[in-house]
Amino acid sequence: MVDMPYLVKQTTTSRIIDTKIWSSQSEIESVISTLLLRLTNLTQAYGNDHVSRLKNETVRALAITDFPSNFSDTALRDLQSIIRMSTSLGVVVLLSVNEQELNRLWQRNASLVEEILSNVVVTKVENER
């Protein structure tokens with residue numbers, strides 16, 4: 001028998017992966033906004049007691065591919081808030097970047113891109129490594 005990872009063995013976890021991959025601009029904006037609202041509500045409930053929050057609440061993973069394709073300015077600002085507070089909110093954010101779209105966004109709003117990138121660990125893939 002293969003030993004299952006701790007996350008998979010949890011019976012209280014209803015699902016590990018959400019029910020759908022969100023790809024349209026309106027879907028992305030709605031899902032990011034809803035996540036930020038949930039996290040804000042938890043922040044209000046726990047205040048500055050980050051230890052209790054992390055003990056009692058699920059750590060969330062937000063995985064985004066082809067970033068920032070189909071991200072509206074509203075979704076980008078909400079994502080910026082999530083990333084800024086991710087450690088205290090118990091959120092792990094994974095971004096797979098579309099370089100061309102990121103360069104276009106950088107030209108449009110360099111300060112937003114700089115703040116998002118300053119709060120993440122950047123790893124580049126070169127030659128399939």
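Modeller: pLDDT is the predictor's confidence in each residue, on a scale from 0 to 100. This model is predicted, and the mean pLDDT of the protein chain is 81. Of its residues, 84% reach 70 or more.

Colleague: On to Leu102. Why is Leu102 called buried?

Modeller: Buried means under 20% relative accessible area. Leu102 has a relative accessibility of 8%, so it counts as buried. You'll find Leu102 in helix 6.

Colleague: What does Leu102 touch, leaving aside residues up to four places away in sequence?

Modeller: Phe67, Pro68, Val97, Val113 and Leu117. Take Phe67: it is 35 residues from Leu102 in sequence, yet the two C-alpha atoms are 7.2 Å apart in space.

Colleague: And what makes the peptide bond from Phe67 to Pro68 cis?

Modeller: Its omega, which is near 5 degrees. As a rule, most peptide bonds are trans. Pro68 itself sits in the loop between strand 1 and helix 4.

Colleague: Staying around there, what is noted about phi of Asp66?

Modeller: Phi of Asp66 is near 60 degrees, a positive value in a residue other than glycine. Most residues other than glycine have a negative phi. Asp66 belongs to strand 1. Asn70, in the loop between strand 1 and helix 4, also has a positive phi, near 65 degrees.

Colleague: Why are you calling Asp66 and Asn70 partly exposed?

Modeller: Partly exposed is the range between under 20% for buried and over 50% for exposed. Asp66 comes in at 38% relative accessibility, so it counts as partly exposed. Asn70 has a relative accessible area of 44%, so it gets that label too.

Colleague: Now helix 7. How do you know that its buried residues line one face?

Modeller: The buried residues in helix 7 (residues 110-118) are Leu112, Val113 and Ile116. Looking down the helix axis, they fall within an arc of 95 degrees, so they line one face of the helix. The face turned away from that buried side carries exposed Ser111 and Ser118.

Colleague: What do the buried residues of helix 7 pack against?

Modeller: Strand 1 (60-67), helix 4 (73-84), strand 2 and helix 6.

Colleague: Let's finish with the second largest pocket. Which residues lie nearest its centre?

Modeller: Leu95, Val97, Val121, Val122 and Thr123, out of 20 lining residues. The space in this pocket is about 520 Å³. Strand 2 (91-97) and helix 6 (99-108) each supply at least two lining residues, and strand 2 gives the most, with seven.

Colleague: How do the lining residues of that pocket divide by type?

Modeller: There are 13 nonpolar, five polar and two charged residues. Leu and Val count as nonpolar, so Leu95, Val97, Val121 and Val122, among those nearest the centre, are nonpolar. Thr123, also near the centre, counts as polar.

Technical notes
Residues numbered from 1 in each chain as written. Predicted model: local features only at pLDDT ≥ 70, side-chain atom pairs only at ≥ 80, totals over all residues. Heavy atoms only, no water. 1 Å grid on protein atoms, 1.4 Å probe; cavity = no way out; pocket = protein on both sides within 12 Å on 5 of 7 lines; lining within 4 Å. Points joined across faces, edges and corners; volume = space filled by probe spheres on them. Helix = DSSP H or I, 4+ residues; strand = E, 2+ residues; numbered from the N terminus. Buried < 20%, exposed > 50% of the residue type's maximum accessible area, 1.4 Å probe, protein only. Arc of directions from axis to C-beta. Contact = heavy atoms within 4.5 Å.
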